[in-house]
Amino acid sequence: MQTNLAAWARDTDLGKEADAILRRCVHCGFCTATCPTYQVLGDELDSPRGRIYLIKQVLEGAEPTQSTQLHLDRCLTCRNCETTCPSGVQYGHLIDIGRQIVEERVPRPWAEKAKRKMLRRAMLSPLFGPAMRVGQAVRGLLPEALKRKVPERRAPGALPQVAGHARQVLMLAGCVQPAMMPTIDAATIRVLDAVGIGARIAPGAGCCGAASFHLDAQAAALDQMRANVDAWWPLVQDGAVEAIVMNASGCGAMVKEYAHHLRHDPAYAQRAADIVARVKDVAEIVAPHAAQLRGRLAGKGLRAAFHPPCTLQHWQGLRPLSEQLLADLGFELLPFADKHLCCGSAGAYSVLNPEIALTLRDRKLGAIAPAAPDVILSANIGCIGHLQSGTDTPVRHWIEVVDEHLARA
């Protein structure tokens, strides 16, 4: 693609990066075949190719409008297009640049701006946990739209003493997962303990930054990234931990991009790169111990449908490893159509774009239904809650199910 960037963009870091990405695009349109929003809306401007043209026009001097902003907002950032693209276009980085530039030039309506700000602050607030527990206590009385966002409460159970293990890893404190689904962190700690690995959370670590980054607060997101690097760095530097383990693929995808997001920060660029080198999805840590665990699991052969989150399969490329791990652990993985497509959760997307999100959820569940699984497995809290809101089939993080069957063995 030929480009002619406007003077204001030509010599900036963002402009140079965007220009390099744009020039890789060959207009082939392969991305439209795997874009969820294009499949639902049928509008070229709601496809990766269409959004690339919009961003190109803005960088070349066209004035963005609220329509431009809407089409960029409606992208799920699933990056399925990157998996499909034969030219290696880094669309995810380009959409981040486009959104930032348009956000600076197009004022949002006050109601929309307030909604996004309140959503971000709510997720990061220390009151989120208590509010979630109240919501879970009265869940049966909530309106359906709100009920979909409040998962049933499940007790996390007792935790083992892990300080004595020679192998130690860090876990992300996170923002919403400990309050919404504390069983995921607890199950992770118990399963890692079963293979001789101690897991703990570093004081001072918090949200990965994804919530702020995707809700128009990129500067705040960068500060959250720096805070996590500061919290993890002493333990990484002195060799006290061998890895930083992620059990929410959305958080893992974001943390694995810290080096990219902090690349222009001289105080953090190298440390962020060193941190990223140690970030592992929990499947990467458990996989070498699959045979050891399988011998201790009860209920082997459970019929399961595995929904790989976009942040796992398209951002991190870990779908093959995860599926092989589940098979090695004894799950009977059931095939279903369109496994590569987004379920519609996409972080805050399901709140901001509920109609598209629910359409994609129902498509995903419709594809899974003929397989009639005993359980739907996934690897990200957002996908789990979103899918569970549309089905009576249990939807769980796979680490939870491994932990449950390990406890019964």
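1. Helix span and helix α12. The expected span of a helix is 1.5 Å times one less than its number of residues. Helices in this note are DSSP runs of H or I with at least four residues, strands are runs of E with at least two, and both are numbered from the N terminus. Helix α12 covers residues 182-194, which is 13 residues, and reaches 19 Å from its first C-alpha to its last, close to the 18 Å expected at 1.5 Å a residue.

2. Basis of the note. The model is a predicted one, in which local features need pLDDT of at least 70 and side-chain atom pairs count only at pLDDT 80 or more, whereas totals for chains, interfaces and linings use all residues. Residues are numbered from 1 along each chain as its sequence is written, and side-chain values use heavy atoms, with hydrogens and water left out.

3. Burial of α12. A residue is called buried under 20% relative accessible area, exposed over 50%, and partly exposed in between (1.4 Å probe, protein chains only). Twelve of the 13 residues of α12 are buried, so the helix is largely enclosed by the rest of the structure. The buried residues are P182, T183, I184, D185, A186, A187, T188, I189, R190, V191, L192 and A194. After α12 comes G196, with a positive phi near 85°.

4. Packing of α5 and α7. Two packed helices are described by the angle between their axes and the distance between the axes. Axes are lines fitted to C-alpha atoms, for helices over the stretch in contact, and angles run from 0 to 180 degrees between N-to-C directions. For helix α5 (residues 66-73) and helix α7 (residues 91-105), the angle is about 150° and the axes are 10 Å apart. The crossing of α5 and α7 is left-handed; this term applies if the near helix is turned anticlockwise from the far one by less than a right angle, and right-handed applies if clockwise.

5. Residues at the α5 and α7 contact. Contact means heavy atoms within 4.5 Å. Helix α5 contributes T68, Q69, L72 and D73, and helix α7 contributes I95, G98, R99, V102 and E103. These residues divide into three nonpolar, three polar and three charged. In this scheme Ala, Val, Leu, Ile, Met, Phe, Trp, Tyr, Cys and Pro count as nonpolar, Asp, Glu, Lys and Arg as charged, and the others, Gly among them, as polar.

6. Residue T68. T68 is placed in helix α5 and is buried, its relative accessible area being 10%. Not counting residues up to four places away in sequence, T68 touches L54, V58 and V102.

7. Cysteines. A disulfide is a pair of cysteine sulfur atoms within 2.5 Å, and the structure holds zero disulfides. C251 takes part in none; the nearest cysteine sulfur, in C208, is 4.0 Å away. For C383, the closest cysteine sulfur belongs to C343 at 3.9 Å, too far for a bond. C383 is buried, with a relative accessible area of 6%.

8. Residue C310. C310 is in helix α20 (residues 310-315) and is buried at 8% relative accessible area. Its C-alpha is separated by 7.1 Å from that of R79, although C310 and R79 are 231 residues apart along the chain. With neighbours within four places in sequence left aside, C310 is in contact with C78, W315 and C342.

9. The phi of D338 is positive, near 55°, in a residue other than glycine. A346 is likewise not a glycine, and its positive phi is about 50°. D338 is partly exposed at 43% relative accessibility, and A346 is partly exposed with a relative accessible area of 32%.

10. L124 is in helix α8 (residues 110-124) and is partly exposed, at 30% relative accessibility. Leaving aside neighbours within four places in sequence, L124 is in contact with C175, C207, S212 and Q224. E63 lies in the loop between α4 (48-59) and α5 and counts as exposed, at 60% relative accessibility. The C-alpha atoms of E63 and M181, 118 residues apart along the chain, are separated by 43 Å.
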